[in-house]
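Thanks for coming. I have one structure to go through today, so please have a look at the sequence and the coordinates before I start.

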Amino acid sequence: MAARPRFTSRATVLVLVLCSLVAILAYPTRQFISQRAEISAQRAKADHVRQQVEQLRRDKARWQDPEYVKAQARARLHYAVPGETPYIAADPSGAAARPSATATGPSASASATGPSADAAGRPNAAKPWYAGIWDSVDAADTADTAALAPATPRPLPPSPVGDPTPHDH
């Protein structure tokens with residue numbers, strides 16, 4: 001009795017067909033999975049934007065209320081109702097003049113003292129107007145110019161002949 005071969009020609013053809021089906025379906029399956037992930041990301045983004053829109057609608061509704069507008073004008077702009085005497089209390093301990101842990105450098109100490117005082121802590125009203133301008137020029141001169149330098153511009157590609165877009169020359 002002759003020994004049967006381990007794989008018959010039918011089994012070999014069946015294995016080749018199955019392998020080719022896996023190879024053919026791998027790319028579309030990967031695309032399907034990536035598109036589903038992108039769709040879920042877009043849905044999450046849309047939900048986030050809907051929440052922002054709802055928050056903005058609530059804010060708009062609050063700003064329609066005259067009492068809220070009055071309260072905001074009092075808090076933000078220090079407005080007062082006629083007949084009232086507004087007061088602004090200054091902290092005598094100077095706690096507001098201390099720079100925060102994240103603020104460093106001359107601009108941080110100037111911003112920590114507030115817009116109503118110079119670097120030495122004197123009120124700006126005691127300085128003449130030209131001293132304030134000169135202080136701003138000095139501050140601009142000492143700014144980090146490397147951080148403010150523009151990036152190297154890339155050359156523009158040549159425009160095609162007959163380009164209908166207007167150009168400023």
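Arg57 counts as exposed, because its relative accessibility is 53%. For the cut-offs, buried is under 20% relative accessible area, exposed is over 50%, and partly exposed is in between, with a 1.4 Å probe and protein chains only. Before I go on, this is a predicted model, in which local features need pLDDT of at least 70 and side-chain atom pairs count only at pLDDT 80 or more, while totals for chains, interfaces and linings use all residues. Residues are numbered from 1 along each chain as its sequence is written, and side-chain values use heavy atoms, with hydrogens and water left out.

Back to Arg57. Its salt-bridge partner is Glu54, with the closest N and O atoms 3.1 Å apart. A salt bridge here is a side-chain nitrogen of Lys or Arg within 4 Å of a carboxyl oxygen of Asp or Glu. Glu54 is partly exposed, at a relative accessible area of 37%. Glu54 and Arg57 are 3 residues apart in helix α1, so about one helical turn separates them. As a reminder, an α-helix has 3.6 residues a turn, so residues three or four places apart point the same way.

Now the overall picture. The protein has 5 helices and 0 strands, and from the N terminus the order of elements is α-α-α-α-α. Helices are DSSP runs of H or I with at least four residues, strands are runs of E with at least two, and both are numbered from the N terminus. There are 169 residues, of which 5% count as buried. The exposed surface comes to about 15600 Å², with 63% of it supplied by carbon and sulfur atoms. Areas are from the Shrake-Rupley method with a 1.4 Å probe, and for residues only the protein chains shown count as cover.

Next, helix α2, residues 66-77. This helix has 12 residues and spans 15 Å from its first C-alpha to its last, close to the 16 Å expected at 1.5 Å a residue. The expected span is 1.5 Å times one less than the number of residues. Which residues of α2 are buried? They are Tyr68, Gln72 and Ala73. These cover an arc of only 140° around the axis, and therefore sit on the same side of α2. The arc is taken over the directions from the helix axis to the C-beta atoms. On the other side of α2, Pro66 and Glu67 are exposed.

What do the buried residues of α2 pack against? They pack against α1, residues 9-63. Gln72 is buried because its relative accessible area is 15%. Leaving out residues up to four places away in sequence, Gln72 touches Trp63 and Leu77. Contact means heavy atoms within 4.5 Å.

Moving past the end of α2, we come to His78, in the loop between α2 and α3. His78 has a positive phi of about 60° although it is not a glycine. For background, most residues other than glycine have a negative phi.

Arg74 and Glu84 meet through their side chains in a salt bridge, at 2.8 Å from N to O. This pair links distant parts of the chain, with Arg74 in helix α2 and Glu84 in the loop between α2 and α3 (105-113), 10 residues apart. Arg74 is partly exposed at 39% relative accessibility, and Glu84 is also partly exposed, at 40%. The other residue is Val81, which lies in the loop between α2 and α3. Val81 and Lys70 are 11 residues apart in sequence and 9.2 Å apart in space, C-alpha to C-alpha. Val81 is partly exposed, with a relative accessible area of 40%.

One more ion pair. The side chains of Lys127 and Asp135 form a salt bridge at 2.4 Å, N to O. Lys127 counts as buried, at 17% relative accessibility, whereas Asp135 is partly exposed at 36%. The whole structure has 6 salt bridges.

Last, the surface. Val13, Leu14, Val17, Leu18, Leu21, Ile24 and Leu25 make a nonpolar patch of about 650 Å². Patches are made of residues with over 30% relative accessible area and no salt bridge, where like charges are joined within 9 Å and nonpolar side chains (Val, Leu, Ile, Met, Phe, Trp, Tyr) within 5 Å. Leu21, one of the patch residues, is in helix α1. Leu21 counts as partly exposed because its relative accessibility is 42%.
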